[in-house]
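Dear colleague,

Please find below the structure that I am handing over to you, together with its sequence. My findings follow directly after it.

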Amino acid sequence: GMQVEAVRAYRKLVVRRKQQVLTDGLPSPLDLQRAGTELEPEDWHAALRSRPDGALLLDCRNNYESELGSFNGAEPLDTQVFSESWSKLEQRLKDVPRDTPVMTFCTG
């Protein structure tokens, strides 16, 4: 068979525990009690198929990810980094009636 040689990928490996993987830029954690419903993939696709007229579909991924592909009719937030999402969402939704259905998705 083939011989495999052990190679050290790093001279020194340091692992540090972090509070967050992505920096969201928020001063305190989100209150998820007021969040929408998180859907399983099958339910998400069903919701996309039955999306009512006027519902918003917001792609909350960064530009690089959005440009690789997205759902039909999705509107990208136009962000470079995750921490820009909150101001972009606030700006996009400021004149949207509160009873408008809003569907969002991201990578994580």
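Arg51 sits in the loop that runs between α1 (41-49) and β1 (56-59). Please note that this is a predicted model. Leaving aside residues up to four places away in sequence, Arg51 touches Leu56, Leu57, Asn72, Gly73 and Met103. Lys12 lies elsewhere: it is 39 residues from Arg51 along the chain, and the C-alpha atoms of the two are separated by 51 Å.

Turning to the chain as a whole, its secondary structure consists of 3 helices and 3 strands, which follow one another along the sequence in the pattern α-β-α-β-α-β. The chain is more spread out than a compact globule, because its radius of gyration is 19 Å, well over the 13 Å that the globule rule gives for 108 residues. The C-alpha trace spans about 60 × 40 × 25 Å along its principal axes.

Of the 108 residues, 19% count as buried. Among contacts with a separation of 6 or more, 57% are between residues 24 or more positions apart.

Lastly, I report on surface and charge. The accessible surface of the chain comes to about 9,800 Å², and carbon and sulfur atoms account for 49% of that area. There are 14 positive and 17 negative side chains in the chain, and 10 Å lies between the centres of the two sets.

With kind regards

Terms used
Residues are numbered from 1 along each chain as its sequence is written. This is a predicted model: local features need pLDDT of at least 70, side-chain atom pairs count only at pLDDT 80 or more; totals for chains, interfaces and linings use all residues. Side-chain values use heavy atoms; hydrogens and water are left out. Helices (H or I, at least four residues) and strands (E, at least two) are DSSP runs, numbered from the N terminus. The radius of gyration is taken over C-alpha atoms; the globule rule is 2.2 Å times the number of residues to the power 0.38. Buried means under 20% relative accessible area, exposed over 50%, partly exposed in between (1.4 Å probe, protein chains only). Contact means heavy atoms within 4.5 Å. Accessible areas come from the Shrake-Rupley method with a 1.4 Å probe; for residues, only the protein chains shown count as cover. Lys and Arg count as positive and Asp and Glu as negative; His and the chain ends are not counted. The place of a charge is taken as NZ of Lys, CZ of Arg, CG of Asp or CD of Glu.
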